Amino acid sequence: MQAFDYQLRPRILFGAGFVARLGQLACELGCLRAMVISDPGVVKAGLYSLGEKSLVDVGIHVQGFHDLSENPTNLHVERGVQAAKEFQPDLLVGLGGGSSMDCAKGINFLYSCGGKIQDYWGVGKATGSMLPMIAIPTTAGTGSETQSFALISDSETHVKMACGDPRAACKIAILDPMLTLTQPAMVTASTGIDALTHALETFVCNKRTPISECYSREAWQLLSEGFSQVFQTPGDIEARGRMQLGACFAGMAIEASMLGAAHALANPLTAVLGIPHGQAVGLMMPHAIRFNSLAVEDRYEELVKLMPHWHTSPPKSRASEAIVAVFSNWMKQAGLATTLETLPQWPGPVMGDPGKTLSLLRELASSASKQWTATFNPRPVTESEMLSMYQSALTA
Ligand SMILES: [Zn+2]
């Protein structure tokens, strides 16, 4: 078994309506001035005001920061730092999806330790103590609430920088499944698929530990049960809770281990073509599973046994193929593309031109092979093998 050094964090509260506890929790931390980072969609859905009200009700001064979008960049972070310098908060709240929570962490690095976000790319680069942070996810996906990493894109190169430090971890995460009811179906789809890939990749990666495996298993069980349910009955709060807790456990699994090839293959699709993360990683996941099956088929067999209906009637095919089949069905059920050429972002001039297609895939494979996360894949993966996986993903 792999040795590990694992610190349990953050404090997690889970329950419908728990967003109303934000103010009291901020008081417990001894805070008086809260800056709440929420993207404009979260404000429009009325979720930001729930958090704001809870803070104002207990006498805490609140400043909202909403100048951010999906895949926050160094520019969003820098504008947030400027706002923080003017407001002088003693607490940061990330209320929203992964973008809001990651942006809040990014702001915390720069506000607390100075410099630019590029200085914190990597692990353990914080130079001093950081502001306490409370995370309140409004999607069930990234698991950012339980991770010490902020994913911030470079506005010029579009490279996603993973900036991690134990001091950037949230003090408290509030999981309120009611907040996920308002998310559009497409967000439910892409964030839910992302969470599933987190369970799948952490469970097989070469950094897995007995701790991370516990989280991966539980995440897989909750997510694989909840995913179809939230599409069949979107108002089912139990199913929403399963997804949110599953995403949270998957986030804890990442924190205690790492990801793998599917995320390495997905990142260039987002950086080069602007494909949303959940769509990109979901599209590449089956190809990574097939590639990894030569090394970790036994791990997939274990996951198969955890699925309730397969426990009683096991699939006839190999475990990895059975997981590919069920995962592909989830992608279709969620309305996500399962091939590169059916993506709306796939460039028209490349379509049907083998030379241009190969050149684009080579560019993607070159970038994918340089992704840090690729080094944690259970089976070592070369640039040419990544090119092959993109080629397999081109058409059905
Ligand atoms: Zn992901």
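Which residue in β8 is the bridge partner of G122? Hold on to that one, everyone; the answer comes when we reach the sheets.

Some housekeeping before that. This is a predicted model, in which local features need pLDDT of at least 70 and side-chain atom pairs count only at pLDDT 80 or more, while totals for chains, interfaces and linings use all residues. Residues are numbered from 1 along each chain as its sequence is written, and side-chain values use heavy atoms, with hydrogens and water left out.

Let's begin with the zinc ion. Its protein donors are D194 (OD), H198 (NE2), H263 (NE2) and H277 (NE2), lying 2.1 to 2.2 Å from the metal. Donors here are N, O and S atoms within 2.8 Å of the metal (3.2 Å for Na, K and Ca), and since water is not among the atoms, sites may look incomplete. Along the sequence, the spacing of the donor residues reads D-x3-H-x64-H-x13-H. Two of these residues link distant parts of the chain: H198 sits in helix α6 (residues 185-204) and H277 in helix α10, 79 residues apart. Helices (H or I, at least four residues) and strands (E, at least two) are DSSP runs, numbered from the N terminus.

Why is the arrangement called irregular? The 4 donor atoms subtend angles of 85 to 166° around the zinc ion, and that makes it irregular. For four donors, tetrahedral would need all angles between 85 and 135 degrees; four count as square planar and six as octahedral if opposite donors are over 155 degrees apart and all others between 65 and 115, and anything else is irregular.

Are H198 and H277 buried or exposed? H198 counts as buried at 4% relative accessibility, and H277 is buried too, with a relative accessible area of 15%. Buried means under 20% relative accessible area, exposed over 50%, and partly exposed in between (1.4 Å probe, protein chains only).

While we are in α10, have a look at N292, which is found in that helix. N292 counts as buried, at 1% relative accessibility. Leaving aside neighbours within four places in sequence, N292 is in contact (heavy atoms within 4.5 Å) with V204, Y300, N377, P378 and R379.

Helix α10 (277-306) turns up again beside α14: the buried residues of α14 pack against α9 (261-273), α10 and α13 (354-369). Those buried residues are M386, L387, M389, Y390, A393 and L394. Seen down the axis of α14, they fall within an arc of 160° (taken from the directions from the helix axis to the C-beta atoms), so they line one face of the helix.

Now for the strands, where two count as paired if DSSP finds at least two bridges between them. In strand β4 (residues 91-96), 6 of the 6 residues are buried, so β4 is largely enclosed by the rest of the structure. Strand β2 (residues 33-37) runs parallel to β4, joined by 4 bridges, with V36 opposite V93. β4 also pairs with strand β6 (residues 133-137) in the parallel sense, over 5 bridges, and there L92 stands opposite M133.

Finally, there is an open sheet of 3 strands in the order β5-β8-β7, with mixed pairing. The edge strands are β5 (122-123) and β7 (149-153), each pairing on one side only. β5 and strand β8 (residues 160-164) pair in the parallel sense over 2 bridges. And there is our opening answer: the bridge partner of G122 in β8 is C163.
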